[in-house]
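Good morning, everyone, and thank you for making time.

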Amino acid sequence: MARGRVAGVKTRNEISAGGVVFRAGEGAGFDVALILTHEGRWQLPKGWVEDGEAKEQTAIREVREEAGIEAEIVVPLDTIEYWYRSNYEPGEPVRVHKFVHFFLLRYVRGSTAAHDHEVQEARFVPLDDAMHMLAFPSERKVVEMARDALTEAAT
């Protein structure tokens with residue numbers, strides 16, 4: 001991860017990957033997997049790209065860890081970026097420039113009950129419900145892109 005200073009504040013770049021995992025829902029619709037963080041926010045499963053790991057591998061690994069399910073990549077969806085402040089080192093705030101690569105993934109097997117300790121809960125919800133549950137507008141945009149890709153594939 002690159003580090004530097006901007007106006008006397010340490011800056012750090014982070015790269016993550018994750019995805020919108022879908023499976024057949026009721027009727028002609030789709031369900032997608034969401035995670036509930038310990039901070040009480042519904043989000044898409046995602047996490048840091050480890051050294052030597054491709055973004056696609058990270059997305060599959062993070063879905064397995066955070067949502068407890070196996071999935072396979074269908075297509076890339078979008079890369080979002082944002083800034084936030086963190087205290088990686090005690091007493092010294094760090095500006096973080098984060099890039100998150102999102103993929104559309106097809107559910108293969110497993111149970112959301114098998115999620116790891118990093119999340120409070122994982123579950124499949126109807127795609128339209130996910131749009132109302134997700135905490136961040138950027139993730140809602142990614143789910144809209146997933147809906148468009150799924151609709152296009154069905155026609």
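A salt bridge, as the term is used here, is a side-chain nitrogen of Lys or Arg within 4 Å of a carboxyl oxygen of Asp or Glu. This is a predicted model, in which local features need pLDDT of at least 70 and side-chain atom pairs count only at pLDDT 80 or more, while totals for chains, interfaces and linings use all residues. Residues are numbered from 1 along each chain as its sequence is written, and side-chain values use heavy atoms, with hydrogens and water left out.

The structure holds 13 salt bridges, and one of them joins the side chains of Lys46 and Glu139, with 2.7 Å from N to O. This pair links distant parts of the chain, since Lys46 lies in strand E5 (residues 46–48) and Glu139 in helix H3, 93 residues apart; helices (H or I, at least four residues) and strands (E, at least two) are DSSP runs, numbered from the N terminus. Lys46 and Glu139 are both buried, meaning under 20% relative accessible area, whereas exposed means over 50% and partly exposed lies in between (1.4 Å probe, protein chains only).

Let me stay with H3. Its buried residues are Glu139, Val142, Val143, Ala146 and Leu150, and they cover an arc of only 100° around the axis, taken from the directions from the helix axis to the C-beta atoms, which puts them on the same side of H3. The face turned away from that buried side carries the exposed residues Pro137, Asp148 and Glu152.
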